[in-house]
Amino acid sequence: MEPQKEARTLGDPVARSSGPSRSQTPKDEERRDGDTAPAEASLGAEADGALADSAFADALWELPVEPAERRPECSRCSRPQKVCLCPFLPLHPLHISTHLYIIQHPAEESKVLRTVPLLAACVPQDKCKVKIGRRFSEERDPELSTICRKSDTLILYPGAEAANLEEFILESPIYPSTIIIIDGTWSQAKDIFYKNSLFRLPKQVQLKTSISSQYVIRTQPTNRCLSTLECAAAALSILEKNNYIQETLLRPLQALCSFQLQHGAQIRLSKEHLLKNGLYPKPMPKNKRKLRKMELLMNSVKI
């Protein structure tokens with residue numbers, strides 16, 4: 001609509017002028033009128049064109065929008081049917097006595113390459129519950145609050161106060177029956193853990209392992225960081241005293257990564273590896289807190 005505004009601005013002096021000024025002759029006025037007429041006609045045409053474009057755009061906005069069709073998903077592994085991973089899942093759910101509570105950040109729910117559906121497909125439905133959200137309280141989730149207050153519940157989250165899981169179960173008078181695992185990026189998991197007082201009620205434990213993650217299609221902060229599926233596999237194998245559980249749970253993850261690598265995905269090295277070998281593709285951050293984290297990664301200090 002800008003041409004119309006310009007037309008009004010240019011036309012104002014002519015409209016205010018009631019007749020020829022004393023310094024102008026009739027011929028001068030004729031020449032002036034003759035010169036401005038084409039310009040005004042051109043501006044009017046541009047205005048009409050702008051109005052037509054606007055009307056056309058409005059008509060496009062009113063057209064119905066067809067929702068994008070999602071590929072049919074497998075009801076068991078939640079993968080698209082064409083790339084179903086059920087052949088790599090156990091024929092029957094694993095027999096476990098431990099209850100899993102997965103606290104999932106909402107952003108993870110929409111990711112295609114998430115590992116929680118694979119975990120849930122390998123164990124009995126009544127042994128694995130997924131709670132989606134950022135904030136939890138006794139009022140909003142009484143069930144989770146009750147679980148967190150039980151003496152036989154653990155939460156798997158690394159830190160200075162976290163006990164080694166293997167050592168803890170040897171010394172604990174009460175054998176754990178439930179373990180809580182937070183699913184999300186490391187920053188998301190940290191936010192959930194520290195901003196929900198419920199998660200400080202259970203005994204905090206961590207995995208002391210030197211194995212590297214097999215989830216090579218997603219970047220991890222350090223070489224020792226594991227995906228949610230890998231954490232659950234390691235924890236369950238310890239709690240159930242059965243190494244076969246870890247092997248069984250990792251099989252669909254290995255198949256997922258192999259398929260993705262065969263179809264264009266690349267192996268994602270950890271930030272720690274990239275920094276130590278001078279391969280980190282981005283400039284170092286100017287923020288002091290983020291820069292400190294980078295320095296800790298380079299020096300192999302756990303964060």
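Is Ser213 buried or exposed in this predicted model? With a relative accessibility of 16%, Ser213 counts as buried (buried is under 20% relative accessible area, exposed over 50%, partly exposed in between, with a 1.4 Å probe and protein chains only). Ser213 sits in the loop that links β6 (203-206) and α7 (228-239). Its side chain makes a polar contact of 2.7 Å with the side chain of Glu230. The Ser213 side chain also reaches the backbone nitrogen of Tyr215, at 3.0 Å. A polar contact is a pair of N or O atoms within 3.5 Å; within protein, one must be able to donate a hydrogen and the other to accept it, and residues adjacent in sequence count only if both atoms are side-chain atoms.

Residues are numbered from 1 along each chain as its sequence is written, and side-chain values use heavy atoms, without hydrogens or water. As the model is predicted, local features need pLDDT of at least 70 and side-chain atom pairs count only at pLDDT 80 or more, while totals for chains, interfaces and linings use all residues.

The protein chain holds 10 helices and six strands (DSSP runs numbered from the N terminus: helices are H or I of at least four residues, strands E of at least two). Of its 303 residues, 37% are buried. Among contacts with a separation of 6 or more, 74% join residues 24 or more positions apart (contact means heavy atoms within 4.5 Å).

The six strands build an open sheet with parallel pairing, in the order β2-β1-β5-β3-β6-β4. Strands pair if DSSP finds at least two bridges between them. The edges are β2 (128-132) and β4 (163-164); each has a single partner strand, so one side of each lacks a neighbour in the sheet. Helix α4 (residues 142-149) packs on the sheet and touches β1 (99-104), β2, β3 and β5. The direction of α4 makes about 120° with that of β1 (axes are lines fitted to C-alpha atoms, for helices over the stretch in contact; angles run from 0 to 180 degrees between N-to-C directions). Helix α6 (residues 186-194) lies across β1, β3, β5 and β6, at about 130° to β5.

Strand β3 (residues 153-156) runs parallel to β5 (residues 178-183), joined by four bridges. Leu154 has Ile179 as its bridge partner in β5, and Leu156 has Ile181. On β6, three bridges pair the strand with β3, again in the parallel sense. There, Val205 is the bridge partner of Leu156. Thr153 and Ile155 point one way from β3, Leu154 and Leu156 the other; all are buried.

Ile103 lies in strand β1. This residue is buried, at 0% relative accessible area. Beyond four places in sequence, Ile103 touches Lys131, Phe136, Leu144, Ile180, Ile181, Ile182, Asp183, Ile192 and Phe199. Ile103 and Asp183 are 80 residues apart in sequence, yet 5.8 Å apart in space, C-alpha to C-alpha.

The largest nonpolar core has 43 residues (a set of buried Ala, Val, Leu, Ile, Met, Phe, Trp, Tyr and Cys residues joined through side-chain atoms within 4.5 Å). Residues with the most contacts inside it include Leu100, Leu156 and Leu249. Helix α7 gives the most to this core, with nine residues. Leaving aside neighbours within four places in sequence, Leu249 is in contact with Leu94, Leu119, Cys122, Leu229, Ala232, Ala233 and Leu236. Another core, of 15 residues, lies apart from the largest one; Tyr157, Ile180, Ala189 and Phe193 are among its members.
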